Each structure stands twice: as C-alpha cells, then as structure tokens.
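These are my notebook entries on a single protein model. I set down what I looked up, entry by entry.

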Amino acid sequence: MTTAHRPTFDPARGKEALRGPGYHQRLLPAHKTLKFRQATQGTTDEHSARDLRAELLRAERRHFAKKEGRELSPEEEEQATPQLAIEQGKTLKRNLEDGEGQEGDQQEEDYEAKRRRVLEETRDVDADSDDGSEEDSDSSDDEDDDDDEEAELMRELAKIKAERAEAAAREAAEQAAKEEEQQMRDIATGNPLLNKGAYDVKRRWDDDVVFKNQARGTEDKKGKEFVNDLLRSDFHRRFMSKYVR
C-alpha cells in the first residue's frame with residue numbers, strides 16, 4: 001500500500017555528510033592572471049609602425065577602381081593618389097572662402113560705382129529741372145483750359161446720371177403699381193366660394209366614355225319578398241330555372 005496520498009508530517013532531511021579535504025573542480029580558484037596582447041593582435045609597437053594614411057589611400061583607390069569595374073595593379077597602388085576626401089573637403093572650403101572674399105570685394109566695388117552713377121544722374125536731373133522751369137510757365141495756361149473743360153464734362157455727366165436715376169425710379173413705381181393691381185384682382189376672383197359661376201361644371205364626367213348605360217334596368221328591381229309557399233319563393237324559382245329548365 002502506497003503512502004503517496006498521505007501528508008508528510010516529518011519531511012525528509014538531508015544527511016549531514018562529513019566534508020573531507022576534497023573540493024569540486026568548479027569550486028577551485030581560476031583566471032588568476034590577466035591576458036596580454038600577443039603578436040599580430042594590434043599591439044602598440046605594431047600601430048606605431050603602420051602608416052595608416054597610406055593604408056587609407058590604398059583602400060580608397062581600391063574602392064574607386066571597383067566602382068569603375070577594373071582592378072588595380074601593384075604599381076598603381078604604390079603611386080601617389082589624390083588627397084583624402086577630408087583634405088579635399090578642406091581644400092574646397094578654403095577655395096569657397098577665397099571666392100566669397102573676392103565676391104565681397106567685387107560687391108564693394110559695385111557699390112562705389114553705383115554711388116558715383118547715382119550722383120551723376122542727380123546732377124543731370126537738377127540741370128534739366130532748371131531748363132524746364134520756363135516750359136512749365138508756358139504750359140500752365142493750357143492746363144487751366146483743360147481743367148475748365150474737364151469740369152464742364154463732369155457737370156454734364158452728373159446731369160445725365162440724375163436723369164437716368166429719375167427714369168429708373170419712375171419705372172419702378174409704375175411696375176409696383178401694376179403688381180399691386182394684379183394682386184388685388186387675384187384676391188377678388190380667386191375664391192371659388194364667392195365666384196360660383198366661374199367654376200360650374202358644364203357637363204357630366206362620363207359624357208364621352210365608351211361604356212355607358214351598363215346598369216340599365218337595375219333601377220326597377222324589386223326587393224326581397226317573404227313568401228310562405230316554398231314552391232313560389234325566389235330561391236326555388238332561380239334553382240328550377242338554372243338546373244331543371
């Protein structure tokens with residue numbers, strides 16, 4: 001019989017084993033010394049002996065040759081190459097700065113030339129104004145005549161505008177009077193209860209239909225009559241005329 005289903009009142013305990021002088025391998029001390037760079041692992045002497053600039057130039061030559069689809073020969077790799085991209089950028093920046101300086105000098109020169117030209121033009125304008133003063137005195141009379149003619153034209157224009165406005169107002173008043181008269185006429189004749197003669201029906205609605213007098217003879221039909229004799233009743237007569245005769 002198993003006791004797996006029973007609770008454990010006294011749980012299992014490990015035995016107190018006596019530890020001897022032996023230890024586990026992973027408990028032993030390890031990595032007690034530091035590792036140093038060996039040869040061909042990038043030591044300080046190796047870095048000092050390398051020409052990093054030449055290697056970078058050589059790598060750039062290989063890259064551009066690969067983009068062009070060709071291979072570099074050993075002689076081409078050893079030849080002098082253009083400057084690095086960084087140095088090229090510095091050179092380009094220096095050239096741009098020099099160009100900006102030259103442009104600044106040119107702008108200053110242009111400003112001085114423009115200033116001299118403006119002064120000369122002002123002198124010419126002053127000289128022309130002195131010569132034109134006499135011509136202004138002669139043309140003043142002509143300007144007075146032109147002003148009088150313009151004033152006369154403006155008066156005529158104002159008169160024409162006033163006449164047109166008066167005519168438009170008169171037409172608007174006449175139109176309003178006509179509309180009011182028509183409205184009163186519609187009110188007076190528009191009520192069918194007050195004007196019966198205008199809405200009388202002249203003929204019947206079925207005067208021109210195709211089928212007329214379809215119910216002729218139905219007006220003389222007699223109503224149902226009670227007969228004590230079953231042989232003379234309406235039902236017996238209809239039955240005999242329908243099925244026997």
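**Entry 1: burial and surface.** I take a residue as buried under 20% relative accessible area, as exposed over 50%, and as partly exposed in between, using a 1.4 Å probe and protein chains only. On that basis I find that buried residues make up 4% of the 245 residues in the protein. The areas come from the Shrake-Rupley method with a 1.4 Å probe, and for residues only the protein chains shown count as cover.

**Entry 2: basis of the model.** I record that this is a predicted model, in which local features need pLDDT of at least 70 and side-chain atom pairs count only at pLDDT 80 or more, while totals for chains, interfaces and linings use all residues. Residues are numbered from 1 along each chain as its sequence is written, and side-chain values use heavy atoms, with hydrogens and water left out.

**Entry 3: confidence.** I looked up pLDDT, the predictor's confidence in each residue, from 0 to 100. The protein averages 75, and 62% of the residues score at least 70. Over residues 80-86 the pLDDT is below 50, and this stretch has 12 contacts in the model beyond near neighbours in sequence; a contact means heavy atoms within 4.5 Å.

**Entry 4: secondary structure and contacts.** I find five helices and zero strands in the protein, in the pattern α-α-α-α-α along the sequence. Helices (H or I, at least four residues) and strands (E, at least two) are DSSP runs, numbered from the N terminus. Among contacts between residues at least 6 apart in sequence, I note that 26% join residues at least 24 apart.

Entry 5: How many aromatic pairs does the structure hold? I find two. Rings of Phe, Tyr and Trp (its six-membered ring) pair if their centres lie within 6.5 Å; planes under 30 degrees apart count as stacked, over 60 as edge-to-face and the rest as tilted. The ring centres of F235 and F239 are 6.4 Å apart and their planes stand at 25°, so this pair is stacked. F235 and F239 are four residues apart in helix α5, and therefore separated by about one helical turn. F235 is exposed at 59% relative accessible area, whereas F239 is partly exposed at 40%. F239 also forms a tilted pair with Y243, at 5.1 Å centre to centre and 45° between the planes. I place Y243 in helix α5 (residues 234-243), and Y243 counts as exposed because its relative accessibility is 56%. F235, F239 and Y243 form one aromatic cluster.

**Entry 6: nonpolar patch.** Which residues make the nonpolar surface patch of about 480 Å²? I list F235, F239, Y243 and V244. Patch residues have over 30% relative accessible area and no salt bridge; like charges are joined within 9 Å, and nonpolar side chains (Val, Leu, Ile, Met, Phe, Trp, Tyr) within 5 Å. A salt bridge is a side-chain nitrogen of Lys or Arg within 4 Å of a carboxyl oxygen of Asp or Glu.

**Entry 7: backbone angles.** I note as background that most residues other than glycine have a negative phi. H31, not a glycine, has a positive phi of about 55°. H31 lies in the segment before α1 (44-49) and is exposed, at 79% relative accessibility. T40 has a positive phi near 65°. I locate T40 in the segment before α1, and T40 is exposed, at 73% relative accessible area.
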